[in-house]
Amino acid sequence: MVMNYIWIGFIVVAFIVAICKLVFLGDTGTADQPDVFSRIILSTFDSAKSGFELSLGLTGVLSMWLGLMKIGEKSGLIQYFARLASPVFSKLFPELPKDHPATGSIFMNFSANMLGLDNASTPIGLRAMQQLQELNPHKERASNSMIMFLCINTSGLTIVPIMIMMYRQQLHAANPADVFLPILLTTFITTLVAVAAVCIMQKINILQRNLLIFFLCAFGFIGGLMWLFHSLEREQVDHYSKLVANILLLCIICGFILWGFRKKLNVYETFIEGAKEGFTTAVKIIPYLIAIFLAIGMFRASGAMDFIVDFIRRGVAAIGMDTSFVEALPTMIMKPLSGNSSRGMMIDAMLTYGPDSFVGRLACVAQGSVDTTFYIVALYYGSVAIRNSRYTLPCALLADFSGSVVAIVMTYLFF
């Protein structure tokens, strides 16, 4: 429903702005510049073509990572990770019985999100919500476990932003993985804010031994990386961020395959099974990308986005701040509302300013720092008929805001 209003809103606003430019500004075109309505119509054809071509380009890499996830699931590697996470999960989800199936589903959902496979994580997340609903004594009211699950989910915890790097590769970035560390640092901080906010609301003692160790290790990891890269020259930061990203990616790929082989799994056939799901997922997102590209293309061609960005730029400049980040604000604004919209904004920023520009990189970091709060809350709670979300949105939006601020700081720090 939210996506419906957003999509209609883009098109209607584009039409209204075009009418205003025609009537009040006399935008009837010149010999070198077509009129505003011609620009909008041309953008619809270009956007539809771009959405289709980009969707096809995603098929290979998406199939590869879903194939690896299937190996991890069938070999028991995902379940092994779930057991490793149980000391923290038992404190964050105290209502969950020990070894309940929801624990595995929650961990697999987080794992898919951490790998940046947002389309793959949704079915697993919906299954987790159904399992949590079975334990919920108040069927129309969100349980504490549901709120914790959704707030961590909306915080967009991402270890390997596969989809973002995939888009950057499709758009010919010099190094698609150069946003890896900024996204990692930003999303860790966002998730810590979300967890802390929910713990306070649920009166979970953050100073419990397991949680305290988790928080301290996370902060130590983040602080250590920030100190390390802040002490290096910019060229060294770029070099080592590439090196760490590529080593981690290769370790994940080899680790999943070797673990499956160790468990005497037919790794090849299992990978093919998961890759088929990746192909199906890639095909399914074609109409969504075309639709959002169409709306965004019309919105930008009408000049509406330029008006908004220029208004914010003037306000930022008036208080003496640097305005380089302003052009990436559309991605940050749309991210809590719709993943497809913010993804379109991110891609549009890279198409407009270049994937290796400051704006293009900031849009990618912002895209990877949080998830689609309103969409996730509506989808997940709607799937189990939850009407009262309690304090889910305030905690999630607090994390979203912190993620946007940190994304700007990290991009300035790294680039």
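**Salt bridges**

Arg313 and Glu327 form a salt bridge, with their closest N and O atoms 2.2 Å apart; the term covers a side-chain nitrogen of Lys or Arg within 4 Å of a carboxyl oxygen of Asp or Glu. This pair links distant parts of the chain, 14 residues apart: Arg313 sits in helix α13, Glu327 in the loop between α13 and α14 (329-334). Helices here are DSSP runs (H or I, at least four residues), numbered from the N terminus.

A word on the source: this is a predicted model, where local features need pLDDT of at least 70, side-chain atom pairs count only at pLDDT 80 or more, and totals for chains, interfaces and linings use all residues. Residues are numbered from 1 along each chain as its sequence is written, and side-chain values use heavy atoms, with hydrogens and water left out.

Is Glu327 buried or exposed? Glu327 counts as buried, at 16% relative accessibility, while Arg313 is partly exposed at 25%. Buried means under 20% relative accessible area, exposed over 50%, and partly exposed in between (1.4 Å probe, protein chains only).

Helix α13 (residues 304-318) also holds Asp310 and Arg314, which are 4 residues apart and so separated by about one helical turn. Their salt bridge has its closest N and O atoms 2.9 Å apart. Arg314 is exposed at 58%, and Asp310 partly exposed at 28%.

Elsewhere, Arg361 meets Asp356 at 3.9 Å, N to O. Arg361 is buried, at 16%. Over the whole structure, the search finds 9 salt bridges.

Terms used. Helices (H or I, at least four residues) and strands (E, at least two) are DSSP runs, numbered from the N terminus.
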